Amino acid sequence: MLCSGARSISPRWLMKAGLLGRGSTVQSGARGLSSAGVRLDLSGVYPPIATPFTEREDVDYDKLEHNLQKYAQIPFKGLVVQGSNGEYPYLTEEERVEVVKRVRRSMPANKLLIAGSGCESTRATLELTSKMAAAGADAVLVVTPCFYKGKMDTIALVQHFTKVADNSEVPVILYSVPANTGLELPVDAVVRLSQHPNIAGLKDSGGDITRIALMVHKTKAHDFQILAGSAGFLMAAYCVGAVGGVCALANILGEPLCDLERLCASGRWDQARELQQRLIEPNAAVTRGLGVPALKQAMEWFGFHGGVCRSPLRPLDQEQTQKLRRDFTSNGWL
């Protein structure tokens, strides 16, 4: 791992970025490429891609490839693989790693691949993080361990993430998703972890804009990057200093979300506000409202392969499907 400025960059990423030639080596004592520093720039929009399954609930790699070819035509910064919308808790470790390998082979070379590697124990997270790096991930997304949530205080979480970052070949992105884990990564833990040279940022799916603003403020001295974890508050997150978003809705409305990013970056706030408002209801439907089954159903309407979920997740019933369609049609998307 080569450290430059406040961020650690893997040799593979430097090679990918054209900053290190093939066959070059990184000396263990090297501490920086220039006074300006080099880092893994996370700014942009990422879909946390769904995992297509066959009717027998096997991973459908042909349909995955179809989706990847379509995503390659959208100006995403990269893809998040094996996040919550990829149904990672229902996949075996072998399947999780194989999906990352397949995505890496298919992805354009200039796109970032962020792989979910979080597990309940630190040891298991270390092992899977190593495998994801070997499979081609440019960075790993590590969710908060939560089974023993009552014991996951700041001390425990800082120790966990620090050990993962100390041993990871690629940069680590913290992942706070309280709707799924019942646990929000404390602000004081984020501030402490932001100082680690191999922790690049945080995906925050909680939606508390004051919290995001506070974390941006308290970590700005450490080159720490925050990604909004949902399209529903993407514009608001940009307003307080987030650099991008990992948004479930980008699996369906990728182009509009990239448009929203450009509008925010260029300061066209009136147009951004109008677009953001049209994204709120569809986003709520495929996230906290109806979840992954709704995401996969909507993907089918927009030419992607969503398909079935792996049990015990169930498909939408007729009433839910009708409501989902209304949320898209009433906002002009269908």
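1. Angles under 35 degrees count as roughly parallel, over 145 as roughly antiparallel, 65 to 115 as roughly perpendicular and the rest as oblique. Axes are lines fitted to C-alpha atoms, for helices over the stretch in contact, and angles run from 0 to 180 degrees between N-to-C directions.

2. This is a predicted model, in which local features need pLDDT of at least 70 and side-chain atom pairs count only at pLDDT 80 or more, while totals for chains, interfaces and linings use all residues. Residues are numbered from 1 along each chain as its sequence is written, and side-chain values use heavy atoms, with hydrogens and water left out.

3. The axes of helix H11 (residues 269-289) and helix H12 (residues 291-301) cross at roughly 135 degrees and come within 6 Å. H11 and H12 are therefore oblique to each other. Helices (H or I, at least four residues) and strands (E, at least two) are DSSP runs, numbered from the N terminus.

4. In H11, Ala285, Val286, Thr287 and Gly289 meet Gly291, Val292, Ala294, Leu295 and Ala298 of H12; contact means heavy atoms within 4.5 Å.

5. Eight strands form an open sheet in the order E3-E10-E9-E8-E7-E6-E5-E4, with parallel pairing; two strands pair if DSSP finds at least two bridges between them. Strand E3 (44-46) and strand E4 (78-81) are the edges, each pairing on one side only. From one strand to the next, the twist averages 25 degrees.

6. Strand E6 (residues 139-143) and strand E7 (residues 172-176) run parallel and are joined by 4 bridges. Val143 has Tyr175 in E7 as its bridge partner. Helix H5 (residues 154-167) packs on the sheet and touches E6, E7 and strand E8 (199-204).
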